Protein chains: 2
Amino acid sequence: MKIALDAMGGDFGPPNLVAGAVMALRDYQQIKKLYLVGDPPKIENELRKHQCNDSRIDIVHSTQVVEMSDRAWTAVRRKKDSSISRAVDLVKRGDADAVVSAGHTGAAVAASMIKLRTLEGIYRPGIAALLPTQFNVFVLIDAGANIDARPEHLLQYGIMGSVYSSHVLRYKRPRVGVISLGEEDVKGNELTKEAFKMLKESSLNFRGNIEGRHLFEDPVEVVVCDGFVGNVILKTSESIAVAIFKWLRQELTRSKIHMVGAYLARKAFRVIKDKTNYEEYGGMPLLGVNGICIIAHGASTPLAIKNALRVAAESIEQQVNPHIVEEIRRYHETTASLEPAVP
Amino acid sequence: MKIALDAMGGDFGPPNLVAGAVMALRDYQQIKKLYLVGDPPKIENELRKHQCNDSRIDIVHSTQVVEMSDRAWTAVRRKKDSSISRAVDLVKRGDADAVVSAGHTGAAVAASMIKLRTLEGIYRPGIAALLPTQFNVFVLIDAGANIDARPEHLLQYGIMGSVYSSHVLRYKRPRVGVISLGEEDVKGNELTKEAFKMLKESSLNFRGNIEGRHLFEDPVEVVVCDGFVGNVILKTSESIAVAIFKWLRQELTRSKIHMVGAYLARKAFRVIKDKTNYEEYGGMPLLGVNGICIIAHGASTPLAIKNALRVAAESIEQQVNPHIVEEIRRYHETTASLEPAVP
C-alpha cells in the first residue's frame, strides 16, 4: 500500500511529521511507499536527524503551505502547490491509496471534496472520531468537517458511522443517538428535530436523542451531530481527561503518603491514561469522500502521526467506502419504495 | 429574604426537592420564608418524613406540573397553574425575591421571560454555569436557555458573564473567550464570526476564539457560546469527570496493591471529586431576566437542591442585575458615540 503524508501541516511542522513517518515505516511493513509532500530540504534535514534512508520514502516537492489563518476553500483554490493539495492529488491520480494530514482541517476537507469528490449519494463528508469509554469505543460523527449541517447530512452521518462501527469496530447493530438538549423526543433545535425524524424512519438502530451526559456514562456506538458541536465535544473531552490527570498529579504530590499511594496504584492510572490518550488514536477518517483521507490532530506528536499512518493503513485494508455506498443506496431504495404509501 | 421553590419539577420530584429545602432551612438562617410550590399532600408528606415543621415554610398550592416532554412555551401558556408558573408569579408579585427550579429548563426560562421580562436592554437571558478547573472557576454562558442565538445575544452574554465573574466571583477584568472551531480569528461559523467582531470592539477583556481544549487546560473566566453548544459542554464535562472517576475506581479494585495505593491517596481524589461535583454548585443563575431565577440540575440530589437555594440566597445578597443594566447601558452609549466616527 502507498500513503501520502502532508509533511508540512500541523502545529509543529516537519520535525514531528517526519519523526512519526520514520516510526511508522519501522513498525508497518505493509506500507510499501510513503510520499512525504512538502519542502525537500526541510524534509531531508529531518530524515538525516533520524539517520533514515528508507527506500520506501518518496519526497514530493511542493512550494506552498496552507496556514492555520487561511480560509479553507480559498486556500485550496489559490495555493495550487500546497502540500495538502499535492498530497490529495497523489490519491486522485491513483499514486497513493490514502492521504494523511495534521494541517488545516478545513483545507484537507475542501481539497478532498474538490479533488476526490464525495461518494455516490453522499452530500457532505464527515469526520469520524473514535472516543473510548469504560464500556465501548464510540464513533463521533461529524467531528468538524461540516459546520453548515442540514438534517439529511446528519442522517447520512448516522449511516456512515454505523457502517464504520460495524465493519471496522465490529459492533453488531451499533446503537445510534443524536446529540440534543434532552432525551425527550421533542427536545432540540430545528436541525436535530428534523434529523431525529429521518433517523427514526431509517433502518438504523436509532436510540433517539442523547445528551452530553450519556456520552461516557451510558454510551451508544454512533453519536451524530453537526461539525461545530462535534468538534467542541471532541476537544472538550480531550481537554478534561488531560486536565483531570494533571490536577490529580498536583494533588497527589501534596503529601508523601499520597505519593506512595499513587506509586502503588500507578498501573491503574496508566490503563486509563493510555486509553484516553488521543495519540493512541492518531487519526480520524474523513468518511464520505471517494478515497481515504485521515485527519490527524494539529498538535500531533510523532507517536500520534505514526498512529495516524496506522489508521490510514487499516483503512486501506478495511475499505469501508463500498459498504457506505451500498448502505446509502439501500436507504434511498427503501425510502423511495415507501414514498407512494405515504398519504 | 424569601425564596420560591418549584417543589414538583425535576427527575425525582418532591422527595429530593423537599429534602433539599429542609437541609437549606437548617443551614441558612438568612432565609426568612421558603415557598414550596406544588401539590400540598405530597409536599406535607415529605415534610413529615423529615419531621420538619419549620414556620418559615409556606406551601403554595398548584395543580399542574410541566412534564419533561412538554414544549416549553406552550406549557407555560397553557398550564397556567403549573408549579413553575406559580413559583415565578410569587417573584413577579414581589412575594419572593428569587425562584429555584429543577424542572423543565425551557419552561423555567419561558415563564421567567413572560412574567418577569428581560432586563432593560437585554434581548435574551442566558444560563450562567460555573465550571471549576485546576486554575480558576469560569462562567459558561449560555448553558441552555437560548438555542436560536444571534451575534448580539452572544455579545450580551459576554457582558453579563463578565459582570457575574467580577462582582460575584471577584475576578478583576475577567478574560472572555468565544467557543469556536479554532483559535485563529477567521475560524468559526457565521454566528461566532459576527459575535467575534462585536466582542472585539467592546470594552470587554476579549481574548478571541477558544477551543474546547482550552476550557480546562488554559481557561479564561468567561466562556461565551450559544445555548445548544453550552448545554453540550456542560453535560459532557459533568459526564467525563464522573466517568473517569468510576473507571478509575474499577481499575483500582483490580488488585490489592492498587487498593492500598488508592486508600493512601484517597484525600487527593476527594479534593478533585468534590470540586468537580455539580451538586456542590447546585444552581445556575438565569442572567438577564428582571428578577432572580436559579436553574438546578434535573437530576438534583437533596444536596444539590440545598446548594441551589444557597445560590439563590447569595444572588439576592449580591444583586448583579443593576450592574448588568449599567454595563449594557454603557455599552450602548459607547457604541452609539462611536458610530458617527465610522466611515
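1. Domain bounds here come from an automatic or database domain assignment. On that basis, chain A splits into domain 1 (1-119 + 288-319) and domain 2 (123-280). The model is predicted: local features need pLDDT of at least 70, side-chain atom pairs count only at pLDDT 80 or more, and totals for chains, interfaces and linings use all residues. Residues are numbered from 1 along each chain as its sequence is written, while chains are lettered from A and ligands numbered from 1 in the order in which they are written.

2. The C-alpha centres of domain 1 and domain 2 of chain A are 26 Å apart. Contact means that the C-beta atoms of two residues, placed from the backbone, lie within 7 Å. By that criterion, 14 residues of domain 1 of chain A touch twelve residues of domain 2 of chain A. On the domain 1 side, helix H5 (105-115) and H13 of chain A each supply at least two residues. Helices (H or I, at least four residues) and strands (E, at least two) are DSSP runs, numbered from the N terminus. That side of domain 1 has six nonpolar, eight polar and no charged residues. Ala, Val, Leu, Ile, Met, Phe, Trp, Tyr, Cys and Pro count as nonpolar, Asp, Glu, Lys and Arg as charged, and the others, Gly among them, as polar.

3. Look next at helix H1 (residues 14-27) of chain A. Its buried residues include A:Pro14, A:Asn16, A:Leu17 and A:Val18. Buried means 20 or more other C-beta atoms within 10 Å of the residue's own, with C-beta atoms placed from the backbone. The cover over the buried residues of H1(A) includes strand E1 (2-6), strand E2 (33-38), helix H2 (40-49) and helix H13 (302-318) of chain A.

4. Helix H6 (residues 151-167) of chain A reaches 24 Å from its first C-alpha to its last, close to the 24 Å expected at 1.5 Å a residue. The expected span is 1.5 Å times one less than the number of residues. H6(A) is largely enclosed by the rest of the structure, because 13 of its 17 residues are buried.

5. Between the chains, 54 residues of chain B are in contact with 54 residues of chain A. H9(B) gives the most to the chain B side, with 22 residues. That side divides into 29 nonpolar, 14 polar and eleven charged residues.

6. In chain B, strands E7 (residues 175-179) and E8 (residues 205-210) run parallel, joined by four bridges. Pairing requires at least two DSSP bridges. B:Val176 has B:Phe206 of E8(B) as its bridge partner.

Conventions:
Buried ≥ 20, exposed ≤ 12 C-beta atoms within 10 Å, placed from the backbone.
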